[in-house]
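Have a look at the picture first, then read on.

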There are 2 protein chains.
Amino acid sequence: MGAIDSFFAGSFLSEGLPGNARFDLAVICTPVQCIPQWCERLLPRTRGLVTDVGSTKAGICKQVRDLNVDATQFCGSHPMAGSEKDGVEHARAGLFDGKVAIVTPSQDTQPAAVQLAEELWRELGCSTMRLSPQQHDDAVASTSHLPHIVAAALASATDTELLSVAATGWADTTRVASGSPAMWRQIILENRGPIAAALKQFAGNLQQWTAAVEGGDEEQIQKLLEQGKTKRDALGN
Amino acid sequence: MGAIDSFFAGSFLSEGLPGNARFDLAVICTPVQCIPQWCERLLPRTRGLVTDVGSTKAGICKQVRDLNVDATQFCGSHPMAGSEKDGVEHARAGLFDGKVAIVTPSQDTQPAAVQLAEELWRELGCSTMRLSPQQHDDAVASTSHLPHIVAAALASATDTELLSVAATGWADTTRVASGSPAMWRQIILENRGPIAAALKQFAGNLQQWTAAVEGGDEEQIQKLLEQGKTKRDALGN
């Protein structure tokens, strides 16, 4: 597609990087469980910033701090953009326009690296937000990981022979469940604690719904619908 | 917008239709609880078909059968198309293209009325499917009403201060929660039994998820993700 000027092919995790390779900026775009290993190889070769785009942060930042390398140039990132599709054929130019990129400095991260991370995402069209790695993980457990699990559970709970009457409501509500199971399995394992808490909060709300539906409680159904609409409308499209 | 050639304004439910009004076709597009009342007024004036676009069918068809009018020209319909937006400003020409319209004849419906209903929706671009009113209600409880409740519960379970990090995943999964609470309250009350059953099936799947997340069961998480993806991918976009 003409997007890459030069490249190394091969498994550098096993073979190591070419001896003379030096970087100003490294952005690690791998499944989350590989990110610390890449940091270990890239940090000694990089003079500006090593960052990543993983969907979890606390575990990665902890593992990077525990590496036997200088990690002051590592600053985690999570651009809140993308879709359920993977592969370069789904690349699009405006992917980051108007999206939020969260940057998650740890205690070790030097200020210049944080600034570089924020500049990087702003140049790409994002607005940026600084959170600690743990604040990030708690937030995305609710806004990203829980919706994924709910979408998967909802899709699974639908009998196959009913799919012929599934319309846009079902399609929208379950869309993210098409995402890569291998990628999501790692995300969910990495962020188990906050996700379990988010699941509990959701299950409590669903329990209110079940009681209202079974009891035919018109007033409570109206209230629950209004709560949902108010929260959803607060986001916009 | 130039879409209406002639019209009656005013509340015909209280005032009645003009004495000389006669119809070939009547399509009732009101909240579900008003549909039987409109059938009562329209059936004696209509020589072809009276249908509706309500999201529930068994209750309506039963109430229409119990009316003191000839109901052989009534055939329920449910075009599986639309969005969370209401009002004429959200009308669009291609709304029905490629969508499924379910028609739900009851024992009383005469074959000519069923055919007219199917022709109507095919002319508008839908493919059609015949279900009994109860089969319809059971199906849409899973594919439409449950997703609405899940979306509302998921939106409500998200803390307001986290909305700034909500991305397309949260937006898609909760989109339908923006629908009209007054309309959805009626739908949910009308279809309580099948919705309660669908909620139970969903809660069972969610319980498996909670156990897998809390136990860090990698194999089970992978299996649940694959189940969800398989079901979702079966629908397409």
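## A helix packed against both chains

In this predicted model, the buried residues of helix 9 (residues 218–235) of chain B pack against helix 8 (192–215) of chain B, and also against helix 5 (133–156), helix 6 (168–174) and helix 7 (181–190) of chain A. Which residues of helix 9 of chain B are the buried ones? They are B:Gln220, B:Ile221, B:Gln222, B:Leu224, B:Leu225, B:Gly228, B:Lys231 and B:Arg232.

Keep the geometry in mind as you look at that list. An α-helix has 3.6 residues a turn, so residues three or four places apart point the same way.

Helix 9 of chain B has 18 residues and spans 27 Å from its first C-alpha to its last, close to the 26 Å expected at 1.5 Å a residue.

## Two copies, one turn

Now for how the chains relate. Turn chain A by 180 degrees, shift it 0.0 Å along the axis, and it lies on chain B with an RMSD of 0.0 Å. That's what a two-fold axis does. Both copies use the same surface, too: 100% of the contact residues of chain A recur in chain B.

Which residue of chain A comes closest to the rotation axis? That's A:Thr173, with its C-alpha at 2.0 Å.

## Charged pairs

Side chains of opposite charge can pair when their charged atoms come close. Over all chains, a search of the whole structure turns up 18 salt bridges.

Start with A:Lys62 and A:Asp66, whose side chains meet in a salt bridge at 2.7 Å, N to O. Is A:Asp66 buried or exposed? A:Asp66 counts as exposed because its relative accessible area, 53%, is over the 50% cut-off. A:Lys62, at 47%, is partly exposed.

In chain B, the side chains of B:Arg47 and B:Asp24 form a salt bridge at 2.6 Å, N to O. This one links distant parts of the chain: B:Arg47 sits in strand 2 (residues 46–52) and B:Asp24 in strand 1 (residues 23–28), 23 residues apart. B:Arg47 is exposed at 68% relative accessibility, while B:Asp24 is partly exposed at 48%. Elsewhere, salt bridges that share partners tie A:Asp172, A:Arg175, B:Asp172 and B:Arg175 into one network.

Note on methods: Residues are numbered from 1 along each chain as its sequence is written. Chains are lettered from A and ligands numbered from 1 in the order in which they are written. This is a predicted model: local features need pLDDT of at least 70, side-chain atom pairs count only at pLDDT 80 or more; totals for chains, interfaces and linings use all residues. Side-chain values use heavy atoms; hydrogens and water are left out. A salt bridge is a side-chain nitrogen of Lys or Arg within 4 Å of a carboxyl oxygen of Asp or Glu. Buried means under 20% relative accessible area, exposed over 50%, partly exposed in between (1.4 Å probe, protein chains only). Helices (H or I, at least four residues) and strands (E, at least two) are DSSP runs, numbered from the N terminus. Copies are superposed by least squares on the C-alpha atoms of residues with pLDDT of at least 70 in both. Contact means heavy atoms within 4.5 Å. The expected span of a helix is 1.5 Å times one less than its number of residues.
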